[in-house]
Amino acid sequence: FVPGIDFFRILQSQLEALPYLSRKFKYVEIVVDAGGSELYEYVSVAQANTGITGAEYITSYSNISNGIGLFGSRSRLVAPNYLLNPVTLDSLKNGIYTRELNFF
């Protein structure tokens, strides 16, 4: 998730301002990944034992009775070719963070 003004700041930090280049913003692709609480617990256990203070032995996480493994759910939604509204397009062209990027 990218809140409001951060969208423009990210573009500013990732694109080089080149005076001879014109850019046209066509669309945004939105990708939403979601998982059940079981997947969250699995990732939390794995992350707790990483880094400089992590344990040498990484504990395994299982939510299956009389077995080892993970039973859960995950889902992905992809919304391609999502058009930006005119106000956002105007901010790309004239906004304080992106006006030097030559969007038209």
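Good morning. I begin where two helices meet: Phe7, Phe8 and Leu11 in H1 are in contact with Thr88, Ser91 and Leu92 in H3. Contact here means heavy atoms within 4.5 Å. Please note that this is a predicted model, in which local features need pLDDT of at least 70 and side-chain atom pairs count only at pLDDT 80 or more, while totals for chains, interfaces and linings use all residues. Residues are numbered from 1 along each chain as its sequence is written, and side-chain values use heavy atoms, with hydrogens and water left out.

To return to the helices, H1 covers residues 4-14 and H3 covers residues 86-94. Their axes lie 11 Å apart and form an angle of about 35°. Axes are lines fitted to C-alpha atoms, for helices over the stretch in contact, and angles run from 0 to 180 degrees between N-to-C directions.

Three helices and two strands make up the secondary structure, and their order from the N terminus is α-β-α-β-α. Helices (H or I, at least four residues) and strands (E, at least two) are DSSP runs, numbered from the N terminus. Of contacts between residues at least 6 apart in sequence, 72% join residues at least 24 apart.

How much of the protein is buried? Of its 104 residues, 15% are buried. Buried means under 20% relative accessible area, exposed over 50%, and partly exposed in between (1.4 Å probe, protein chains only). The accessible surface amounts to about 8500 Å², and carbon and sulfur atoms account for 56% of that surface. Such areas come from the Shrake-Rupley method with a 1.4 Å probe; for residues, only the protein chains shown count as cover.

Next, the charged pairs. Side chains of opposite charge can pair when their charged atoms come close. How many salt bridges does a search of the whole structure find? It finds two, a salt bridge being a side-chain nitrogen of Lys or Arg within 4 Å of a carboxyl oxygen of Asp or Glu. One joins Arg9 and Asp6, at 3.5 Å from N to O. These residues are three apart in helix H1, so about one helical turn separates them. Arg9 is partly exposed, because its relative accessibility is 39%, and Asp6 is also partly exposed, at 29%.

The other salt bridge pairs Asp33 with Arg76, whose closest N and O atoms are 2.6 Å apart. Asp33 belongs to strand E1 and Arg76 to strand E2, so this pair ties together parts 43 residues apart in sequence. Asp33 and Arg76 are both exposed.

Strand E1 (28-35) and strand E2 (74-82) each give two or more residues to the patch. Ile30, in strand E1, is partly exposed, because its relative accessibility is 33%.

Finally, I turn to Ser73, in the loop between helix H2 (37-48) and E2. Ser73 is partly exposed, at 45% relative accessible area. Ser73 and Gly36 are 37 residues apart in sequence, yet their C-alpha atoms are 5.3 Å apart. Leaving aside neighbours within four places in sequence, Ser73 touches Gly35, Gly36, Glu38 and Leu39. Thank you.
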